[in-house]
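Here are my notes for a colleague who is opening this entry for the first time. Please read them beside the sequence and the structure.

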Amino acid sequence: MAEASTIAFHTLGCKLNFSETSSIARLMENEGFEKKGFDELADVYVINTCSVTDNADKECRQLVRRIQRKAPAALVVITGCYAQLKPAEIASIPGVDLVLGAAEKFNLPKHIKALAKGDAAKISSCDIEEVNGFNASWSVNDRTRSFLKVQDGCDYNCSFCTIPMARGKSRSDTISNVVQNAQNLATKGVKEIVLTGVNLGDFGKGNEGGKIIEEDFFQLCTALNQIDDIQRYRISSIEPNLLTDAIIRMVAASDKFMPHFHVPLQSGSNAILSLMRRRYKRELYAERVQLIKSLMPHCAIGVDVIVGFPGETDAHFEETVQFLETLDISYLHVFTYSERDNTKALEIKPVVPINIRHQRNKILRQLSYKKMEDFTQQHIGQQRKVLFEGHVKSGMMEGYTDNYIKITLPLNPDWVNQVIRCTI
Ligand code: SF4
């Protein structure tokens, strides 16, 4: 394709996908493409898919249909985790022109040049075992906050998870590259960097010019902590078994690393954790929370939980509820288990009926709401630093405190993209 000049993106799934879409968009802009909104007319549409989303296939089909109605001559490219997992299925969706797997998504400019509308969909994808390169990515939407990808892939094999099949083995950027990227973001006016990865705590498996590099996440955080021009860092999510004392103590001592952790628990029952092939027991989790709160009583702690995993009885679920009730945490992200092809969890019986899965989800969402309210209440009257974002809704602006409490105030343009001390 030679004359195409406009391109639009749609991203499904996690922050990692968003950071990658941003980077792919910048690559295309460097090639002379003008970026458009997904609802606008464009010559090329790219959908960056997710394998965690429940209805990835359905969602993808709907989006392609929308594009076809609006711009029947436009090229349609599908990439991302779902494209890596099910390339043939996606290629069979009417209207799709190109399917790019994990190793090829950053080669979009090259592929677009060779593409013509009307041919059968091309698939450019390789075996996930062969994917070993690392592409640094970051998003710079309204410049306030950037999601910076520092790690990709995962060597764990949690029994419910398809991510290792979609993203490959654990690999990382080098500390020196991440520091350079953070410094570049600072020059663009970014105030907060959210460190992002698939298994962030596993940071450090990388190579540079063929030379194996062994670094670790604590060393990365320590190096970033020394950059003057970035005011804030957040750690997007970290496995409890990789959240070391050293990292917790470093965050407690730093005025740049925000007092906020997001730590997946998945279940409060050791029996279920074992079926999930998680690498810790609930006791370790409780001990991590205790250490965080003893050093930073104001620290926000978010928790991922999966409900309705096969084998989860009422008693197991009750164990999870009680465990979460006693934990000094701030909010939950609740996921309802759903079956995924080629995962070990499919062999585990008995399967939990869908209506029970939904009931359990509702119970934990209510608990999350209560935890968030309690956490906010604990801070009423306190002064905390808020970074206000450029996104304005009905004359109001939003920002987050250091410990992740959302603050909404009437718009004051002087405060946008600034850290301001506010009374909660
Ligand atoms: S740690 Fe487990 S859940 Fe997380 S990406 Fe790796 S395999 Fe999936």
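The points below go through the model region by region.

1. Basis. This is a predicted model, in which local features need pLDDT of at least 70, side-chain atom pairs count only at pLDDT 80 or more, and totals for chains, interfaces and linings use all residues. Residues are numbered from 1 along each chain as its sequence is written, and side-chain values use heavy atoms, with hydrogens and water left out.

2. Ligand shell. The residues surrounding the ligand are C154, Y156, C158, F160, C161, P164, V198, E239 and R278; a residue is near a molecule if one of its heavy atoms lies within 4 Å of it. Sorted by class, seven of the shell residues are nonpolar, none is polar and two are charged. In this scheme Ala, Val, Leu, Ile, Met, Phe, Trp, Tyr, Cys and Pro count as nonpolar, Asp, Glu, Lys and Arg as charged, and the others, Gly among them, as polar.

3. Parallel sheet. Three strands form an open sheet in the order β15-β16-β17, and their pairing is parallel. The edges are β15 (260-266) and β17 (331-336); each has a single partner strand, so one side of each is left without a neighbour in the sheet. From one strand to the next, the twist averages 20°. Strands here are DSSP runs of E with at least two residues, helices are runs of H or I with at least four, and both are numbered from the N terminus. Two strands pair if DSSP finds at least two bridges between them.

4. Inside that sheet. Strand β16 (residues 300-307) runs parallel to β17 and is joined to it by six bridges. V305 has V334 in β17 as its bridge partner. Helix α13 (residues 354-378) packs on the sheet and touches β16 and β17, its direction making about 170° with that of β17. Contact means heavy atoms within 4.5 Å. Axes are lines fitted to C-alpha atoms, for helices over the stretch in contact, and angles run from 0 to 180 degrees between N-to-C directions.

5. Antiparallel sheet. Another open sheet has four strands in the order β20-β19-β18-β21, with antiparallel pairing. Its edge strands, β20 (406-410) and β21 (419-423), each pair on one side only. On average, neighbouring strands of this sheet are turned by 45° against each other, direction ignored. Five bridges hold the antiparallel pair of β18 (residues 383-393) and β19 (residues 396-401). V392 stands opposite M397 in β19.

6. Aromatic pairs. How many aromatic pairs does a search of the whole structure find? There are seven. Rings of Phe, Tyr and Trp (its six-membered ring) pair if their centres lie within 6.5 Å; planes under 30 degrees apart count as stacked, over 60 as edge-to-face and the rest as tilted. Y233 and F257 are stacked, because their ring centres are 4.9 Å apart and their planes stand at 25°. Y233 lies in strand β14 (residues 232-235) and F257 in the loop between α9 (245-253) and β15, so this pair ties together parts that are 24 residues apart in sequence. Both Y233 and F257 are buried, where buried means under 20% relative accessible area, exposed over 50% and partly exposed in between (1.4 Å probe, protein chains only).

7. F309 is in the loop between β16 and α12 (314-326) and Y337 in the loop between β17 and α13, 28 residues apart. F309 and Y337 are buried. Ring pairs link F160, F309 and Y337 into a cluster, and F160 is also one of the residues around the ligand.

8. S139. This serine sits in the loop between β7 (137-138) and β8 (145-149). Is S139 buried or exposed? S139 is buried, with a relative accessible area of 3%. Beyond its neighbours within four places in sequence, S139 is in contact with F18, S19, S22, R145, S146 and F147. Its C-alpha atom is separated by 9.0 Å from that of K149, ten residues apart along the chain.

9. Backbone details to check. K349 and P350 are joined by a cis peptide bond, with omega about 0°, and P350 lies in the loop between β17 and α13. N342 is found in the loop between β17 and α13; its phi is near 65°, a positive value in a residue other than glycine. N342 counts as exposed at 64% relative accessibility. Q266, in strand β15, has a positive phi near 75° and is a residue other than glycine. Q266 counts as buried at 8% relative accessibility.
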